[in-house]
Amino acid sequence: SVAFSPDGKRLASASGDKTVKLWDSTSGQEIRTLNGHTRGVNSVVFSPDGKRLASASGDKTVKLWDSTNGQETLTLTGHTGPVKSVAFSPDGKRLASASGDETVKIWGTALDAVESNPSEPRAAPTLTETPRPPPDPDWDPAIVHELTTLTGHTANVYNVAFSPDGKRLASASDDRTVKIWDTTSGQETLTLKGHTGYVRSVAFSPDEKRLASASRDGTVKVWDAANGQEILTLKGHTSQVMSVAFSPDGTRLASASLDKTVKVWDAGSGQEILTLKGHTSQVMSVVFHPDGKQLTSASLDKNLKVWDAGSGQEILTLKGHTGNINSVVFSPDGKRLVSASDDKTAKIWDATSGQEIRTLKGHTRQVMSVGFSPDGKRLASASLDKTVKVWDAMSGQEILTLIVAGGQSFQQ
């Protein structure tokens, strides 16, 4: 995985070679190589203030690093399976990790801890402390520990998402359930049952009142995030649902499916508003434009399509890739799209006209992921050729090639 720092000045890359690398995104200088993990690193994220990095690894640990000097400040141990993903709470004071050991763990300082069952003694903190001064009090090694282990899933946990206010956490599992947890007490507040296939992702609505889940059972479910009641089951797809997204105002949902269609639903009534047909192969992802007026879908037919989210009219078909399209994202201002493809390129498109502005060539294997810097001036692409490339998003010029030796810069 690859992540920009909140200010866009640095990049962090996680690799199968057991390292995290920090890069200056302007000069291309490798600032640090963060060594310490003993197996591949699956995920890396910056804290909201950019001061820290968290990395999740197949070695069953999460590590925290000072993002300025590269110092390893903590190793959080306790998981008994590979750690798949990690997420900071919106205030940066807590960390959630999801693991193949069927648990979610929340980490933080004792100041945040409230016992869910005060009569039970807490296990000793399971972390390794470095003998250096802590970078800040929120993550002081003397008091940071595992606040709670969220147990209850009976299969791999693949995704976690904090609510916008940080008070709740949702987890999606291969046990076909979604669980909602109180992030302060660690109490499992709700178990959402109803899917008959693996649940791969979850998303809170912008107003935090609802939760949407997408499953391999071919449905999208909408749940009341307060009481766990299944509000809606959105049926209509004839194959697995691969992606689901709320519109920016939370009134609609879009879903992408292996049945080659995108569907738009009324998030309140569950009514199917639109079925967007035109792709000739499986649709892998769908995103709303930041203003909510358009949708873009990416398909294995090697095309991107832009749709009017109100009428369902196909506005544009963006052709040019000669391989499967793996991801698509809008620029922060919504004026451009960038797509990543198996044809070893990323393409930049004018989101209004559909014109192909640039083809970014340089990778020697499939491009799996792409993202804009927060200011929209640069792009980062991650490829199976074990590199991350940084591009000028206006000119298409390759600014940097970040070589991640010995491992993949993107892990499937």
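Trainee: Let me start with a detail: the side chain of Glu72 makes a polar contact with which side chain?
Mentor: That would be Thr75, at 2.6 Å. Keep in mind that this is a predicted model. Glu72 lies in strand E8, which covers residues 72-77.

Trainee: Is Glu72 buried or exposed?
Mentor: Glu72 counts as buried because its relative accessibility is 17%, and the cut-off for buried is under 20%.

Trainee: Okay, stepping back. How many helices and strands are there in the protein chain?
Mentor: The chain has 0 helices and 37 strands. It has 412 residues, and 56% of them count as buried. The accessible surface comes to about 16,400 Å², with 46% of that belonging to carbon and sulfur atoms.

Trainee: And what share of the contacts join residues at least 24 apart?
Mentor: That share is 44%, taken among contacts between residues at least 6 apart in sequence.

Trainee: Let's talk about the largest nonpolar core. Which residues touch the most other members?
Mentor: The core has 13 residues, and the ones touching the most other members are Ala254, Val262, Val264, Leu276, Val286, Phe288 and Leu295. At least two residues each come from strands E23 (252-257), E24 (262-266), E25 (272-276) and E26 (283-288).

Trainee: Which strand gives the most?
Mentor: E26 does, with 3 residues.

Trainee: I've clicked on Phe288. What is Phe288 in contact with, leaving aside neighbours within four places in sequence?
Mentor: Quite a list! Its contacts include Phe246, Pro248, Leu253, Ala254, Leu295, Ala309 and Phe330. Arg252 and Gln294 are also among them.

Trainee: What about Ser243, where does that sit?
Mentor: Ser243 lies in strand E22, residues 241-246. At 13% relative accessibility, Ser243 counts as buried. With neighbours within four places set aside, Ser243 is in contact with Ala254, Ser255, Ala256, Met284, Ser285 and Val286.

Trainee: Last stop, the open sheet of 4 strands. What order do the strands take?
Mentor: The order is E30-E31-E32-E33, with antiparallel pairing. E30 and E33 (356-361) are the edge strands, each pairing on one side only. From one strand to the next, the twist averages 15°.

Trainee: How many bridges are there between E30 and E31?
Mentor: E30 (residues 325-330) and E31 (residues 336-341) pair over 5 bridges. Ser327 has Ala340 in E31 as its bridge partner. Their hairpin has 5 residues between the strands, and Gly334 there takes a positive phi near 75°.

Trainee: And what joins E32 to E33?
Mentor: Again 5 bridges, with E32 covering residues 345-350. One to look for pairs Ala346 with Leu360 in E33.

Methods: Residues numbered from 1 in each chain as written. Predicted model: local features only at pLDDT ≥ 70, side-chain atom pairs only at ≥ 80, totals over all residues. Heavy atoms only, no water. Core = buried A, V, L, I, M, F, W, Y, C linked by side-chain atoms within 4.5 Å. Buried < 20%, exposed > 50% of the residue type's maximum accessible area, 1.4 Å probe, protein only. Contact = heavy atoms within 4.5 Å. Pairing = 2+ DSSP bridges. Areas by Shrake-Rupley, 256 points an atom, 1.4 Å probe, with all protein chains shown as cover. Axes fitted to C-alpha atoms, helices over the stretch in contact; angles between N-to-C directions. Polar contact = N/O pair within 3.5 Å; in protein donor to acceptor, adjacent residues only side chain to side chain.
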